[in-house]
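The following note sets out points on the fold and packing of a single chain. Please read it alongside the coordinates.

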Amino acid sequence: MKQDYTKAQLTWLMILRLFIGWHFMYEGMVKIMNPKWTSLPYLLDSKGPAASFFIKMTQDDGLMTMVNFVNEWALLLIGLGLTLGCLYRLASVGGMILLAMYTLSHPSFVGASYMMPFEGSYLWIDKNMVELAALGLMCVFPTSRIIGFDRMLGRAFPLLLKLKFI
């Protein structure tokens, strides 16, 4: 499938991809490098429609260990996938799922107050939802097939193209 983007379109899609990838990658690295980091306070502070689900997870130490591990490494791997253009669509969908979980836990409802205040005043749409929408955009504009490792992966493993991982 040939994609005809203008130079400006491709440049801005690449910048968006790199910025989102960097954000995910950095968040993952910070958490991995801090042995004391835990998502426990964040989950206990849940106020969204799935708050009881997130709060209940905090009651099981083994589950919390797994939640922390998955969150840290998912952030890092999604960031790497986006930044390098490697399994790009899979990374985009993974990022959307992660951001949806964050939104379900901490939605920007009017009147909701959290331990860690939001960076500004939001009415339903916060930075997580904006980034989620941008990742949706990334899914339908697969720039990694033009500039990224997916270009080589698609040639070496055509099945990846058929499965729409790239």
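1. Contact is taken here to mean heavy atoms within 4.5 Å, and helices (H or I, at least four residues) and strands (E, at least two) are DSSP runs, numbered from the N terminus. This is a predicted model, in which local features need pLDDT of at least 70 and side-chain atom pairs count only at pLDDT 80 or more, while totals for chains, interfaces and linings use all residues. Residues are numbered from 1 along each chain as its sequence is written, and side-chain values use heavy atoms, with hydrogens and water left out.

2. Overall architecture. The chain has eight helices and zero strands. Its C-alpha trace spans about 50 × 35 × 25 Å along the principal axes. Of the contacts between residues at least 6 apart in sequence, 74% join residues at least 24 apart.

3. The H4/H5 pair. The axes of helix H4 (residues 61-84) and helix H5 (residues 88-105) come within 8 Å and cross at roughly 140°; axes are lines fitted to C-alpha atoms, for helices over the stretch in contact, and angles run from 0 to 180 degrees between N-to-C directions. H4 and H5 are therefore oblique to each other, since angles under 35 degrees count as roughly parallel, over 145 as roughly antiparallel, 65 to 115 as roughly perpendicular and the rest as oblique.

4. Residues at that contact. On the H4 side, Asn71, Ala74, Leu75, Ile78, Gly81 and Leu82 meet Tyr88, Ala91, Ser92, Gly94, Gly95, Leu98 and Tyr102 of H5. By class, this contact has eight nonpolar, five polar and no charged residues (Ala, Val, Leu, Ile, Met, Phe, Trp, Tyr, Cys and Pro count as nonpolar, Asp, Glu, Lys and Arg as charged, and the others, Gly among them, as polar).

5. Nonpolar cores. A core is a set of buried Ala, Val, Leu, Ile, Met, Phe, Trp, Tyr and Cys residues joined through side-chain atoms within 4.5 Å. The largest has 17 residues, and Ile20, Phe24, Leu82, Leu98 and Leu135 have the most contacts inside it. Helices H1 (7-33), H4, H5 and H6 (127-140) each give two or more residues to this core. A second, separate core of six residues includes Leu43, Ala50, Phe54 and Val67.

6. Buried residues make up 37% of the 166 residues in the chain; buried means under 20% relative accessible area, exposed over 50%, partly exposed in between (1.4 Å probe, protein chains only). Leu77 lies in helix H4 and is exposed, with a relative accessible area of 53%.
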